[in-house]
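Here is a short tour for anyone meeting this structure for the first time. Have a look at the picture, then read on.

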Amino acid sequence: MNRDPGRENIPAVQKLRIQHAKRGPLRFSSHRDFQRAFERALRRARVPMAYSSGFSPHPKISYANAAPTGVASEAEYVEIGVVAPCDPVKLLAVLNDVLPPGLDIVDVVEAVTPDFVARLEASHWQIELPDLSFADLSAAVEKFLSQEEVLVERLTKSGVRTFDARLAVIRAEVFEGPECAILAVVVRHGVPSVRPDDVLAALTKVADLAAMIPPRITRLAQGPLLEDGWSVGDPFALDRATQV
Amino acid sequence: MSVQSVFPALERLLPLVQKPVQYIGGELNAVVKPWDDVTVRWVLMYPDAYEVGIPNQGVQILYEVLNERMDTLCERSYAVWPDLEKLMRENNVPQFTLESHRPVGAFDVFGLSFATELGYTNMLTAIDLAGIPIHSVDRGDNDPIVVAGGHAAFNPEAVADFIDCAVMGDGEQAVLAMTDIIADFRRNGSPGGREELLLRLAKAGVVYVPKFYDVEYHEDGRIRRVAPNQPGVPWRVAKHTVMNLDEWPYPKAPLVPLAESVHERMSVEIFRGCTRGCRFCQAGMITRPVRERSKTTIAEMVNNGLEKTGYEEIGLLSLSSADHSEIAEIAKGLADQYEDTQTSLSLPSTRVDAFNIDLANELSRNGRRSGLTFAPEGGSERIRKVINKMVTEEDLVRTVTTAYAAGWRQVKLYFMCGLPTEEDEDVLQIARLAHEVIKAGREVTGRKDIRCTVSIGGFVPKPHTPFQWAAQLDHATTDSRLKKLRDAIREDRAYAKSIGVRYHDGKPGIVEGLLSRGDRRVGRVIEQVWRDGARFDGWSEHFSYDNWMKAAEVALADMPVDVDWYTIRERELSEVLPWDHLDSGLDKEWLWEDWQDALAEVEVEDCRWTPCFDCGVCDHMGTEIQVGPTNTVMLPMPVIPSKVTVSSES
């Protein structure tokens, strides 16, 4: 029997880092939905993608920290490898021409520094709660912040998991929004990752909050924690500074 | 007056349901037109889950054909899962379209495509959620015209109470003809309302309108006659046939969903119709004659479709794709064109011959040779003569052996159980065939890891086929026959590990049989079971045989007929069949002769390469066989350079 090793493909000559948003109704797309749409968009835009070798070659794409299904985002990150050098400005424009409105490319840089994913230290989430008052939410947040630890449960593939949702929250503020109260939180990434719905579960637990209408959640930013210890910076800053 | 989107109300429900992405629309190549700019507004629905409905070619083709008209807009809708249905009812959110999330009830025409009768309960859910009365007699001038299409529309009698009309055959020209009549009617101020519009559509012969036909019954339950009750309405309504597929190269811009679907590829239809003459196959009978698309049009559609969709797999579709007269050139041309890309080609073909393997080898030049599928359909030589599937055991073993020798590791074989005249022995022959296949395969490859999967479907007799008179096999006998087969394969110690068996129990087939050969009285059963909660009957986790049987008992209580009468009863030549007034072009006498030939185990050739055997279609419909060779050359498509690389200056 011939042990055909499959196809040998050209290695990548350049890597590009892409920041994209997931807006409006498109927030209901899952991470896998985005992957399919993105890969098709790359083909339609004729981006000279690098492919892995072997029997079922895959385009060289790495995805980092996808926001959950139903959550909007202004700051999702993807890295691609290409077999011919590409202009980041052109890539941004061409991809936006072929992606569905709502999956929008925000920024592109050439990857010239290592360890990008490690730079995504924390996320800044905005949570709009339509049937809560500013006062009730503020009281709940105050109570939550005063605790050392708030255990919450989440159903994972390996069963129900209990973990602390308090420690990862480094900042929480409440604003008055149009017909809603808005909670802004900065959450440090870790294992298990604390997601916005975990924070809401923790608030419900400590203050008996009962939100009837599902919240609208948006990731405003993710990146390195700045020197103040609670602001989220631009993860592309280092690539831009290192650019020759 | 413009109609508002229901999206704001729907959006609040979406975080509470499974896979919300299927309800948001936003597919690539979807068309959103201003509501007030057009005269006629269509909504097309495939009455199953989004993931099943979105790849449907029929809907995609008609969607484009309609949207190309200046005076028309067309949007789409799919069945909502029970979790969202419940929330929609609680919150008064109506059935909606995906383009603009407008309520289905606001459109002029509501078209539903039925590939299978098991979508009927989902149709009732959608009509009801849309706020449209479920019985056509209760609808008013402002309700949409509900029209059924697809293969099941060749006998829509079971849903005659719920639809306003049905279109048989190819939809491309039919939907345009309907739109012409509706646009004209509306421009003239809609004189005579809904009734007059339906009358115009019926008189033009474009659609079948059940309410313009009265059905009379004998005391024993058989139909006495079906006759028009309006002057000018034809006695028989004919199917539509598109001639020259090159003039209808749709879909030109296939819809690409965000959500995952059951077919993650682009499809190009390479021909329509089939005259192989398999007697069980309704599709082959009702889509005659064979009309090929030319290889140049196919190449253009593939290239253009890839460009517009970004898919990396192409499926070349038809009822038997290896039968295209120029398939070898098409396969080689496309394989050459896409050789250095990541694009892959597939050709769903189940022909049992060496040529089919050559094709499969060509299309898998770069890839792994994992599995090939063949469809002998019948287990014994005798039953294959009954169904007119001209494959000998020698053909089958030789073909499969050739496949193993060419590096294919897994072979799938399709069969049916419950065919007319079938005995246990005919089905048990499947075990022996599988044994022979593995034995020969091991010899030729010298390997033990080759596999064969036997996949068995229950046979359901369908209208407009030679088997339309046949008794369906009861589900208990089906199940026991399949169990005997499974045991026989298991007992074959040295081979059992290499042979997989897949089958379903016989119960869903009985419900499908009831619906496909049903008459208007079966509508009561559908309504009853739907009121009892039946939804998504094509899904084993939602389907309940017991609910259907209970509903049938209630609904047919005061009638001389029951489920057995519709399913396991053999019909006679003299019986008026519920679909006799619906004209597929097939001559009823020819069908009967073919049925008698089946019983006598006499085979019929394919009229593409033998003289006409008078099935009636071409003569009666004024159509003709359209096959190659075309003597044209398939040119390679130009390669367009990338716009993003640094070297390409803009």
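## Where the two chains meet

In this predicted model, 34 residues of chain A are in contact with 27 residues of chain B. Which helices of chain A each supply at least two residues of the side that touches chain B? They are α1 (31-44) and α2 (88-98). Helix α1(A) gives the largest share of that side, with 8 residues.

And what is the side of chain A that touches chain B made of, by class? It has 20 nonpolar residues, along with 10 charged and 4 polar ones.

## Chain A as a whole

Let's step back and take in chain A. Its C-alpha trace spans about 65 × 45 × 35 Å along the principal axes, and its secondary structure comes to 6 helices and 10 strands.

Chain A has 244 residues, and 36% of them count as buried.

Now zoom in on a pair of helices in chain A: α4 (residues 134-146) and α5 (residues 196-207). Their axes come within 9 Å and cross at roughly 95°. Angles of 65 to 115 degrees count as roughly perpendicular, so α4(A) and α5(A) are roughly perpendicular to each other.

Which residues meet where these helices touch? On the α4(A) side you'll find Ala139(A), Ala140(A), Val141(A), Lys143(A) and Phe144(A). Facing them from α5(A) are Ala202(A), Leu203(A), Val206(A) and Ala207(A). Sort the residues of this contact by class and you get 8 nonpolar and 1 charged, with no polar residues.

## The two domains of chain B

Over to chain B, which is divided into domain 1 (7-234) and domain 2 (265-367 + 585-650). As those bounds show, domain 2 of chain B is written as two stretches of the chain, 265-367 and 585-650. How far apart do the C-alpha centres of the two domains of chain B lie? They are 30 Å apart.

The domains of chain B also touch: 5 residues of domain 1 are in contact with 7 residues of domain 2. On the domain 1 side of this contact in chain B there are 3 polar and 2 nonpolar residues, and no charged ones.

Technical notes:
Residues are numbered from 1 along each chain as its sequence is written. Chains are lettered from A and ligands numbered from 1 in the order in which they are written. This is a predicted model: local features need pLDDT of at least 70, side-chain atom pairs count only at pLDDT 80 or more; totals for chains, interfaces and linings use all residues. Domain bounds come from an automatic or database domain assignment. Two residues are in contact if their C-beta atoms, placed from the backbone, lie within 7 Å. Ala, Val, Leu, Ile, Met, Phe, Trp, Tyr, Cys and Pro count as nonpolar, Asp, Glu, Lys and Arg as charged, and the others, Gly among them, as polar. Helices (H or I, at least four residues) and strands (E, at least two) are DSSP runs, numbered from the N terminus. Axes are lines fitted to C-alpha atoms, for helices over the stretch in contact, and angles run from 0 to 180 degrees between N-to-C directions. Angles under 35 degrees count as roughly parallel, over 145 as roughly antiparallel, 65 to 115 as roughly perpendicular and the rest as oblique. A residue is buried if 20 or more other C-beta atoms lie within 10 Å of its own, exposed if 12 or fewer, and partly exposed in between; C-beta atoms are placed from the backbone.
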